[in-house]
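Trainee: Please show me the chain, and then let us go through it by question and answer.

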Amino acid sequence: MKKVGIIRCQQTEDMCPGTSDFKVAAEGKGGFEHLGPVQIVGFVSCGGCPGKRAVSRAKLMVDRGAEAIVLASCISRGNPIGFACPHLDAIKAAVVRKIGPEIELIEYTH
Ligand code: SF4
């Protein structure tokens, strides 16, 4: 079973427990369809706008065993409040630069 680390939007964290993220991860659905059921080894926020802490937190999760980093749907799709992150592209680019090309970056959860 692959190990993944999930990064979520800090603004959404106030109101969302992340239930759907855990559900699709356990079932290997949504953004995890190609991996099958995965084990979540970290579930952290971006640290708040503009999301700079996502970079060091992604690296820490890789150091702790994550084989893929996942941006939760609150960041990329605006679930559940309909507000997608305006800094998505910058966060993605900075995270990939930090974790390197061997670690997959998955861009949504559900
Ligand atoms: S940077 Fe994006 S993901 Fe992070 S709190 Fe702001 S809107 Fe949410």
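**Loops, sheet and ligand shell**

Mentor: Proline 50 sits in the loop between S2 and helix H3 (53-63). Helices (H or I, at least four residues) and strands (E, at least two) are DSSP runs, numbered from the N terminus. This is a predicted model, in which local features need pLDDT of at least 70 and side-chain atom pairs count only at pLDDT 80 or more, while totals for chains, interfaces and linings use all residues. Residues are numbered from 1 along each chain as its sequence is written.

Trainee: Is the peptide bond from cysteine 49 to proline 50 cis or trans, and what is omega near?

Mentor: Most peptide bonds are trans. The bond from cysteine 49 to proline 50 is cis, with omega near 5°.

Trainee: In which loop does proline 80 lie, and what is omega near for the peptide bond from asparagine 79?

Mentor: Proline 80 belongs to the loop between helix H4 (73-76) and helix H5 (88-99). The peptide bond from asparagine 79 to proline 80 is cis, and its omega is near -5°.

Trainee: What pattern does the chain follow along the sequence?

Mentor: The secondary structure comes to five helices and four strands. Read along the sequence, the pattern is β-α-α-β-α-β-α-α-β.

Trainee: What is the order of the strands in the open sheet?

Mentor: Strands of a sheet pair through backbone hydrogen bonds, either parallel or antiparallel. Two strands pair if DSSP finds at least two bridges between them. Here four strands form an open sheet with parallel pairing, in the order S2-S1-S3-S4.

Trainee: Why is one side of strand S2 and of strand S4 left without a neighbour in the sheet?

Mentor: Strand S2 (39-45) and strand S4 (104-106) stand at the edges, so each has a single partner strand.

Trainee: Over how many bridges do S1 and S2 pair?

Mentor: Arginine 8 stands opposite serine 45 in S2. Strand S1 (residues 3-8) pairs with S2 in the parallel sense, and the number of bridges is six.

Trainee: Which residues surround the ligand, and how many of the shell are charged?

Mentor: A residue is near a molecule if its C-beta atom, placed from the backbone, lies within 6 Å of it. The ligand is surrounded by Cys9, Gln10, Gln11, Cys46, Gly48, Cys49, Pro50, Gly51, Ile75, Cys85 and His87. Ala, Val, Leu, Ile, Met, Phe, Trp, Tyr, Cys and Pro count as nonpolar, Asp, Glu, Lys and Arg as charged, and the others, Gly among them, as polar. By these classes the shell has six nonpolar and five polar residues, and the charged ones number no residues.

Trainee: Does valine 24 count as buried or exposed?

Mentor: Valine 24 has its place in helix H2 (residues 19-27). A residue is buried if 20 or more other C-beta atoms, placed from the backbone, lie within 10 Å of its own, exposed if 12 or fewer, and partly exposed in between. Valine 24 has 20 C-beta neighbours inside 10 Å, so it counts as buried.

Trainee: How does alanine 94 count, and how far in space is alanine 94 from histidine 110?

Mentor: Alanine 94 is part of helix H5. Because it has 18 C-beta neighbours inside 10 Å, alanine 94 counts as partly exposed. Alanine 94 and histidine 110 are 16 residues apart in sequence, and their C-alpha to C-alpha distance is 23 Å.

Trainee: What percentage of the 110 residues count as buried?

Mentor: The C-alpha atoms fill a box of roughly 30 × 25 × 20 Å, taken along the principal axes. Of the 110 residues, the buried share is 35%.
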